[in-house]
Amino acid sequence: MINACKTASARRITAVIPNFPYARQDKKDKSRAPISAKLIANMLQTAGCNHVITMDLHASQIQGFFNVPVDNLYAEPSTLRWIRENLNVGECVVVSPDAGGAKRATSIADRLDLPFALIHKERARPNEVSRMVLVGSVTSRIAILVDDMADTCGTLVKAAETLLAHGAKEVVAIVTHGILSGNAIETLNRSGLSRVVVTNTVPLGEKAERCGLLRVMDISATLAEAIRRTHNGESVSFLFTNAP
């Protein structure tokens, strides 16, 4: 599509990619492994893309793979609004399911003036968590697990079990990209999570009907406003901290 627009003499081509593909393959974690996120960036630019709008990149350094402007929007403003509207904020604690997501979780905790906890996880193999250790207190609180992506949901479920074992009275997961591959729905249905909130960067389809825990947080207004501002040559910085 990008190349078709380019050959049709489009003045500017902006690719809106809510969930950037292969975002987890942003570095060589072992010998002979591909850096697929860089390959996707090269393909988009070669096809003729002049600007990219995406949301909650798994690793911010992916923006450096491009030689064109990249606007990495955040689901955080929408997440803050959902928490304020649906939970008793004073009883909550924000939890990161791993060290890599600590910055994201602490940002939400700071803006809501809430305590923060961290779970350290050890993986036996890719997509499989073997052991989790909680750092911080969640006793008698509503634990809010914040992550950028839920794939097989093994991490979320084990994290919920760990939090409940340490005295949390309820565990709510808020995730930007609900990929929910494989047996993720069955895994969630058997979990101790009370709600799993995902945005609509990835269409759920029939998965929403198979899992009563799922709630969808609409971020289409954020993307629409980013498109409008980009088209009119306005700054999109407002959207980094505010939900339209």
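1. The model is predicted: local features need pLDDT of at least 70 and side-chain atom pairs count only at pLDDT 80 or more, whereas totals for chains, interfaces and linings use all residues. Residues are numbered from 1 along each chain as its sequence is written, and side-chain values use heavy atoms, with hydrogens and water left out.

2. The chain is divided into domain 1 (1-73) and domain 2 (75-218), with bounds from an automatic or database domain assignment. Their C-alpha centres lie 27 Å apart. Domain 1 gives 7 residues to the contact and domain 2 gives 10 residues (contact: heavy atoms within 4.5 Å).

3. Between them, domain 1 and domain 2 bury about 830 Å², of which 47% is on carbon and sulfur atoms (buried area: the accessible area, with a 1.4 Å probe, that two parts lose on being put together, summed over both). On the domain 1 side, N19, R24 and D56 supply 62% of the area buried against domain 2, more than any other three residues.

4. Helix α3 (residues 76-86) packs on helix α4 (residues 102-112) at an angle of about 50°, and their axes are 11 Å apart (helices: DSSP runs of H or I, at least four residues, numbered from the N terminus; axes: lines fitted to C-alpha atoms over the stretch in contact, with angles from 0 to 180 degrees between N-to-C directions). The angle therefore makes α3 oblique to α4 (under 35 degrees is roughly parallel, over 145 roughly antiparallel, 65 to 115 roughly perpendicular, and the rest oblique).

5. E76, T79, L80, I83 and R84 of α3 meet R104, S107, I108, R111 and L112 of α4 in this contact.

Key
Helix = DSSP H or I, 4+ residues; strand = E, 2+ residues; numbered from the N terminus.
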